[in-house]
Amino acid sequence: MLIRQDGTALWVHAPAKLNLFLEVLGKRADGFHELETLMVAISLHDTLSFTEEPTPAIRLHCHSRLGSAEAVPTGDGNLVVRAAKLLQQYSGTSRGVSIHLWKRIPMAAGLAGGSTDAAAALVALDRLWELGLAPEELLSLAAQLGSDVAFFVRRVPAAICRGRGEKIQEVDRPLELSFVVARPASGLSTAEGFRHCRVSSRPRSVRPLVELLIDGRLKAASRCLHNSLQETATQLNPEVTDLITRLDGQPVVASAMTGSGTACFGLCGTPRLAGRIARGLRGSGVPWVTAVQTRA
Ligand code: ATP
């Protein structure tokens with residue numbers, strides 16, 4: 001997450017994420033699933049600006065850069081507004097804010113667009129409203145907003161996340177990776193993706209993948225990419241199967257779905273190759289495709 005001050009406004013680049021590994025370890029009594037996942041922040045991002053209001057009002061103005069008819073939720077339906085209200089309530093501040101959100105991360109895609117925007121709001125408003133909250137306080141508010149929000153609040157480039165995703169262990173060595181990321185025309189809600197998933201009877205460990213990626217051994221790492229939710233997603237949405245087939249037809253090292261889908265990615269040897277594959281797939285009619293790199 002990049003934060004920049006410009007006059008009275010705070011500008012934030014809120015990155016999307018990819019899950020390079022996702023194992024469902026169990027179903028919990030609270031309805032959530034117990035996970036082990038490797039998340040990496042990528043260069044695809046939403047942009048948000050935050051300017052203080054003279055009243056306690058929270059105003060959100062959305063500008064879609066999605067290139068599709070999908071409507072970005074406004075008002076309390078948007079996680080940015082929910083994050084701002086939660087922060088107001090928790091801190092007791094009567095300061096308000098005008099927020100602009102330029103939405104580029106496709107929604108219901110497993111790229112955590114809503115979660116990263118919520119994290120951006122928590123981090124930026126803590127600063128704009130001069131609240132001085134401790135990191136643990138921000139992380140606890142993040143967990144109330146969604147399972148992936150804490151990863152972005154920590155502002156680490158890559159992490160192994162456990163629990164329902166909120167227990168974060170930073171990968172403390174750099175992972176410099178390139179991907180082509182694509183999404184079919186339709187999305188899939190996270191709840192739907194998890195509802196039908198199977199708990200692994202012989203769970204795999206994320207460790208071998210992390211070690212291989214740190215060492216830059218992409219070919220060997222490609223055999224360790226894994227997503228427990230992919231099989232369900234392909235059954236619920238044949239467009240995911242089609243997209244994986246198309247990615248596998250390209251010179252990618254390996255491909256997989258991210259999160260609960262429906263976006264999928266191909267791991268590429270170089271940023272240049274990722275760009276070339278993205279252009280080719282766009283030309284062949286894939287509805288949304290881009291080339292990205294790992295990023296904090
Ligand atoms: P995850 O990977 O965390 O499961 P996702 O990428 O599948 O999430 P999101 O893009 O976060 O899904 O959006 C899920 C739903 O959340 C959307 O369909 C939308 O209705 C709602 N939503 C609320 N606020 C936002 C926001 N700021 N950006 C995107 N979606 C939002």
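Predicted model: local features only at pLDDT ≥ 70, side-chain atom pairs only at ≥ 80, totals over all residues.
Local features are reported at pLDDT of at least 70 and side-chain atom pairs only at pLDDT 80 or more, whereas totals for chains, interfaces and linings use all residues. Residues are numbered from 1 along each chain as its sequence is written, and side-chain values use heavy atoms, with hydrogens and water left out.

The ligand sits in the largest pocket, a pocket being an open set of points on a 1 Å grid over the protein atoms alone, with protein on both sides within 12 Å along at least five of seven lines; a molecule is taken to sit there if more than half of its atoms lie within 2 Å of the grid points. The shell around the ligand holds 20 residues, of which Asn78, Ala112, Gly114, Asp148 and Thr190 come nearest, where membership requires a heavy atom within 4 Å of the ligand. Nine of the shell residues are nonpolar, seven polar and four charged, with Gly counted among the polar residues. Both β5 (96-103) and α2 (113-128) supply at least two residues of this shell, and α2 gives the most, with four; helices (H or I, at least four residues) and strands (E, at least two) are DSSP runs numbered from the N terminus.

Polar contacts, defined as pairs of N or O atoms within 3.5 Å, include one between a polar side-chain atom of Lys103 and a nitrogen atom of the ligand, at 3.0 Å. Of the 610 Å² that the ligand exposes when taken alone, the protein buries 79%, as computed by the Shrake-Rupley method with a 1.4 Å probe.

Ala112, in the loop between β5 and α2, has a positive phi of about 60 degrees although it is not a glycine. The peptide bond from Gly261 to Thr262 is cis, with omega near 10 degrees, and Thr262 belongs to the loop between β10 (254-257) and β11 (264-268). Most residues other than glycine have a negative phi, and most peptide bonds are trans.

Strands β1 (residues 2-6) and β2 (residues 9-27) run antiparallel and are joined by five bridges, at least two being required for pairing. They form a hairpin with two residues between them, and Gly7 in the turn has a positive phi of about 65 degrees.

Conventions
Polar contact = N/O pair within 3.5 Å; in protein donor to acceptor, adjacent residues only side chain to side chain. 1 Å grid on protein atoms, 1.4 Å probe; cavity = no way out; pocket = protein on both sides within 12 Å on 5 of 7 lines; lining within 4 Å.
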